[in-house]
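Please examine the sequence and the three-dimensional model shown below.

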Amino acid sequence: MILDIGAPKRSITQALDEEELLPQYEVLHADDQRTVIQYEISYVPAPHRAILESGNLIQFPLPIREGWAIADLTTSRERLSRLGDAFDATGVAYELAAVRQSSDETALLTDRQLEFIVEAVERGYYESPRQCTLTELAESFGVSKGAASGILHRAERRIIKRFLGKPPI
């Protein structure tokens, strides 16, 4: 395991030398801003155990700031809740700084819906007055007007529901 510790070499290595549970380590890099060490341990510490038990993975190395390991985690709400429960059960102190929903809005639509919406916008279907009719849009995809209308309607419904904070389906 490699640990990236954002502290000057002298202070962190002095602390590690005094740590009984970390008997051996190697300094891979050290400068005024950062010390990178590599170590092996024969046990799984409580924080790591809680992360694994919750079904999450955290990318290492973790920066350490003011005694706290800082991690970004991409996970489901259910797994995040399990991680909190696992931390609580093992007595691991933690602080949840922020929860953000995915910013990939294109994941909201199917590939076909996205293709239709992008084409409709580029051709001016949503302009007022319209620069492209539904019939013209349908013809460009080689589908019926009804099929084009259905695809656009389902995509628009998902977009509008997301905008209103409701489940998209």
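Q113 is buried, with a relative accessible area of 7%; buried here means under 20% relative accessible area, exposed means over 50%, and partly exposed lies in between, with a 1.4 Å probe and protein chains only. The residue has its place in helix α4. Helices (H or I, at least four residues) and strands (E, at least two) are DSSP runs, numbered from the N terminus. When neighbours within four places in sequence are left aside, Q113 is in contact with I151, R154, A155 and R158, where a contact means heavy atoms within 4.5 Å.

Two points of method apply throughout. The model is predicted, so that local features need a pLDDT of at least 70 and side-chain atom pairs count only at pLDDT 80 or more, whereas totals for chains, interfaces and linings use all residues. Residues are numbered from 1 along each chain as its sequence is written, and side-chain values use heavy atoms, with hydrogens and water left out.

A nonpolar core is a set of buried Ala, Val, Leu, Ile, Met, Phe, Trp, Tyr and Cys residues joined through side-chain atoms within 4.5 Å. The largest such core has 15 residues, and those with the most contacts inside it are F116, Y125, L137 and L152. Two or more residues of this core come from each of α4 (111-122), α5 (134-141) and α6 (145-163). Apart from this core lies another, of eight residues, among them A50, I58, L62 and F87. Returning to Y125, its contacts, not counting residues up to four places away in sequence, are A120, R130, C132, T133, L134, L137 and L152.

The loop between α4 and α5 holds P129. The peptide bond from S128 to P129 is cis, with omega near 0 degrees. As a point of comparison, most peptide bonds are trans.

What of the charged side chains? Side chains of opposite charge can pair when their charged atoms come close. A salt bridge is counted where a side-chain nitrogen of Lys or Arg is within 4 Å of a carboxyl oxygen of Asp or Glu, and the structure holds three of them. In one, E78 pairs with R82, the closest N and O atoms being 2.9 Å apart. These two residues are four apart in helix α3 (residues 77-90), and therefore separated by about one helical turn. E78 is exposed, at a relative accessible area of 55%, while R82 is partly exposed at 34%.

Another salt bridge joins R112 to E115, with the closest N and O atoms 3.3 Å apart. Because R112 and E115 are three residues apart in helix α4, about one helical turn separates them. Both are partly exposed: R112 has a relative accessibility of 34% and E115 has a relative accessible area of 39%. The side chains of E119 and R123 also meet in a salt bridge, at 4.0 Å from N to O. Here E119 is partly exposed at 23% relative accessibility, and R123 is partly exposed at 30%.

Attention now turns to the strands. Two strands pair if DSSP finds at least two bridges between them. Strand β2 (residues 25-30) and strand β3 (residues 35-39) run antiparallel and are joined by five bridges. A hairpin of four residues connects β2 to β3.

At the level of the whole protein, the secondary structure comes to six helices and five strands, which follow the pattern β-α-β-β-α-β-β-α-α-α-α along the sequence. Of its 169 residues, 25% count as buried. Among contacts between residues at least 6 apart in sequence, 50% join residues at least 24 apart. The accessible surface is about 12200 Å², of which 51% belongs to carbon and sulfur atoms; accessible areas come from the Shrake-Rupley method with a 1.4 Å probe, and for residues only the protein chains shown count as cover.

The pLDDT, the predictor's confidence in each residue from 0 to 100, averages 80 over the protein, and 83% of the residues score at least 70. Confidence is highest in α5, at a mean of 95, and lowest in strand β1 (residues 2-5), at 48. Over residues 1-10 the pLDDT is below 50, although this stretch has 42 contacts in the model beyond near neighbours in sequence. Where pLDDT is low, the predicted coordinates should not be read in detail.
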